[in-house]
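I wrote down what I looked up, in the order I looked.

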Amino acid sequence: MTTVGILGGGQLARMLALSGAPLGLRFLVMDTAGDACAAQFAPMVVGDYTDTAALAEFASKIDVATFDFENVPSQSAQWLADRVPVFPSPRALAIAQDRLAEKTLFRELGIPVPDFVAIDTREDLDAAIAAIGTPCILKTRRLGYDGKGQFRLKSAADTDAAWQALGAQAAKVGLILEAFVPFERELSVVAVRGRDGEFRSWPLTENWHVDGVLSASLAPASVDAAMAETAFAYARKLAEAIDYVGVFALELFCRAGELLANELAPRVHNSGHWTIEGSETSQFQNHLRAVLGLPLGDTRMVGRACMLNWVGAMPDANAVLQEAGGHWHDYGKSPREGRKVGHATLRAESAQDLSAAVQKVGQALGRGEQVAPVIAALRDS
Ligand code: ATP
Ligand code: MG
Ligand code: MG
């Protein structure tokens, strides 16, 4: 009996555990909160990730470890890796945890990125704004997620406000200033790399964010084959450069037909949730296969899919459950503003059928704004 340890007990761990059950896998989750949403499906070790006693208990009960939470301190990941196999490696995790290291690596590999400058002081910020221009975004180098730890500057007049908001973080987690990309669309490559180096990618996904939080995803994205190939090539180059094992997402901006890399998510990703029903093998199943050294599953799509995120509170399920290709995911979390509490996936054979289903669900749930960009993209596809 193989036990997979997961650091972090959120919805990603929960969906990993659900997906691993048919493989006969057992799971053990470590989280700082005993009521983490994966606890419903897996036993837990509750403790801080830097607590070696808790880590030792966790390590003693598992065969392999992986992550639901990308900000586990890299020393803790390394401590664990000295005792059990850990995938992705602590080194890959450390690169993805630091926006400066990550963007520097992208650039070294010939993957285009928005202009960026590391910021340590207020003087650095003034100089960087003069060099990069506005609009731009000041971000924490580490620990940001769902758009947290970011400040958007429309002009140099916003410099004081930006420094007031994030200046104190400079000494703690570092800061980076990035050019704001007036992108036409956001895309992500969700891909998997096995222990033996085999690489597979799901079809490209188009994503829409609201206030920095993913709101909707559509797959396949309607981009020409050459652009998709370029995106896959970037993802593959990156995964090979850091000997990545497992599923990851490469977030991309598309502007004037050019792709710019935003960030690497070193784990299963929200923009890949549609793969549960929309592809031959889901990202969760393939992540487990990768970290266990099993053969990877086919990543081809089954029809087309749209994923809608439920943020804050769950809407009524019936509108989705009534649809032929409607699938409901309730993470069992209590409602809280800005919190991802669930998602729905709608699947159909044609763009027309998918558009009709998305429109119907949007209307029934009063989510016209959320579904509008998806319907527009399907119309253009
Ligand atoms: P995640 O939850 O994806 O890990 P995060 O907190 O790491 O989010 P980013 O992915 O950097 O943050 O930014 C969140 C969103 O903000 C992006 O998906 C994009 O919509 C917007 N954004 C971030 N950086 C830029 C940029 N340089 N130009 C334009 N938009 C940006
Ligand atoms: Mg991120
Ligand atoms: Mg992101």
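I began with Leu 7, whose bridge partner in β4 is Phe 67. Strand β1 (residues 3-7) and β4 are parallel and share 4 bridges. My strands are DSSP runs of E with at least two residues, and helices are runs of H or I with at least four, numbered from the N terminus. I call two strands paired if DSSP finds at least two bridges between them.

A note on the source: this is a predicted model, where local features need pLDDT of at least 70, side-chain atom pairs count only at pLDDT 80 or more, and totals for chains, interfaces and linings use all residues. Residues are numbered from 1 along each chain as its sequence is written, while chains are lettered from A and ligands numbered from 1 in the order in which they are written.

Then I turned to β13. I found 8 of the 10 residues of strand β13 (residues 246-255) buried, so the rest of the structure largely encloses this strand. Buried means that 20 or more other C-beta atoms, placed from the backbone, lie within 10 Å of the residue's own. Strand β9 (residues 185-193) runs antiparallel to β13, joined by 9 bridges; Ser 188 has Glu 251 of β13 as its bridge partner. β13 and β14 are also antiparallel, over 7 bridges, and Leu 252 is partnered with Ala 261 in β14.

Which strand gives the most to the shell around ligand 1? I found strand β14 (residues 258-265), with 3 residues. In total 17 residues surround ligand 1, the closest being Gly 144, Asp 146, Glu 178, Val 181 and His 209. A residue counts as near if its C-beta atom, placed from the backbone, lies within 6 Å. I sorted the shell into 6 nonpolar, 5 polar and 6 charged residues.

Last, I checked the record: UniProt lists residues 103-292 as "domain: ATP-grasp" in an unreviewed entry. That stretch, residues 103-292, is 32% helix and 32% strand.

Terms used:
Nonpolar A, V, L, I, M, F, W, Y, C, P; charged D, E, K, R; others polar. Buried ≥ 20, exposed ≤ 12 C-beta atoms within 10 Å, placed from the backbone. UniProt positions renumbered as here; feature names shortened; annotations may be inferred.
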